[in-house]
Amino acid sequence: LASLDSLVRQYEYTSRGYAAAVWPRVGLTGGAYWEYPNGPLQEDVFLGRAGLSVRLPLFEGGKNKKQALSQLKTAQVLQENRAELEQSLEALFYSSLDRLQSLDIEEDLARQLVEAAQKTAALTYEAYKAGSVTFLEVDDANLSLLQSRIALSDLYIQRLNSLAVMDNLGR
C-alpha cells in the first residue's frame with residue numbers, strides 16, 4: 001500500500017510539472033562584484049550583469065496538457081487500485097480471523113478424537129494381551145491413533161498459517 005501511495009504521488013507531481021510547462025516561463029539573472037587591483041590596472045573595477053529570459057511553449061500543440069491529463073488519470077487509476085487492494089486485504093484479514101475461530105472448534109473435536117483413539121488403542125492392546133483380538137486389530141487401532149494425531153497436527157499448521165497471514169497484514 002505504501003508503494004502505491006508513493007506511485008500515486010509521483011504521477012500527481014509529474015502531472016503538475018506538465019501542467020506548469022503550459023505557461024510561459026520568465027527567468028531573471030543578475031550579478032555584480034568588484035574586482036580589486038591585481039594586475040596591470042591599478043584601480044577598482046565594478047563588473048555588473050543582468051539578464052532576462054522568456055520561454056514560450058509555442059509549438060507544443062497541447063502536448064503538455066495531454067501529458068498532464070494522462071498522468072493525472074494514471075494517478076487516479078492507481079488510487080482506485082490501492083483502494084481495491086486495501087479492501088481485499090481487509091477481507092483477507094477477516095476471512096483469516098473467521099478461519100481461526102472455526103479452527104478452534106475443529107481442534108477441540110480433533111483433540112477429543114485423539115483421546116478416544118488413545119483409549120481405543122490402549123483397550124485393544126489389553127484385549128490383545130488377553131488373547132481376544134488379533135495383532136492386526138491392534139495395528140489398526142494404532143493406525144487410527146496416528147491418523148487422528150496427524151489430523152490434529154494439520155489443524156495446528158493451518159492455525160499457524162492463518163496467524164502468519166494476519167501478522168503480515170499488520171493487525
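A nonpolar core is a set of buried Ala, Val, Leu, Ile, Met, Phe, Trp, Tyr and Cys residues joined through side-chain atoms within 4.5 Å. In the predicted model described here, the largest such core comprises nine residues: Leu103, Ala110, Val114, Ala117, Ala121, Ala141, Leu145, Leu152 and Leu155. Helices α2 and α3 (135-168) each supply at least two residues of this core, and α2 gives the most, with five. Beyond its neighbours within four places in sequence, Leu103 is in contact with Leu155, Gln158, Arg159 and Ser162.

Helix α1 was examined next. This helix covers residues 2-20, and at 1.5 Å a residue its 19 residues should span 27 Å; the C-alpha atoms at its ends are 27 Å apart, in agreement with that expectation. The buried residues of α1 are Leu4, Val8 and Ser15. Viewed down the helix axis, these buried residues fall within an arc of 45°, and they therefore line one face of α1. An α-helix has 3.6 residues a turn, so residues three or four places apart point the same way. The face turned away from the buried side of α1 carries the exposed residues Ala2, Ser3 and Arg16. The cover over the buried residues of α1 includes α2 (63-130).

The mean pLDDT of the chain is 85, and 92% of its residues reach 70 or more. Confidence is highest in α3, at a mean of 92, and lowest in strand β1 (residues 25-35), at a mean of 79. Where pLDDT is low, the predicted coordinates should not be read in detail.

Technical notes. Residues numbered from 1 in each chain as written. Predicted model: local features only at pLDDT ≥ 70, side-chain atom pairs only at ≥ 80, totals over all residues. Heavy atoms only, no water. Helix = DSSP H or I, 4+ residues; strand = E, 2+ residues; numbered from the N terminus. Expected span 1.5 Å × (residues − 1). Buried < 20%, exposed > 50% of the residue type's maximum accessible area, 1.4 Å probe, protein only. Arc of directions from axis to C-beta. Contact = heavy atoms within 4.5 Å. pLDDT = per-residue confidence, 0-100.
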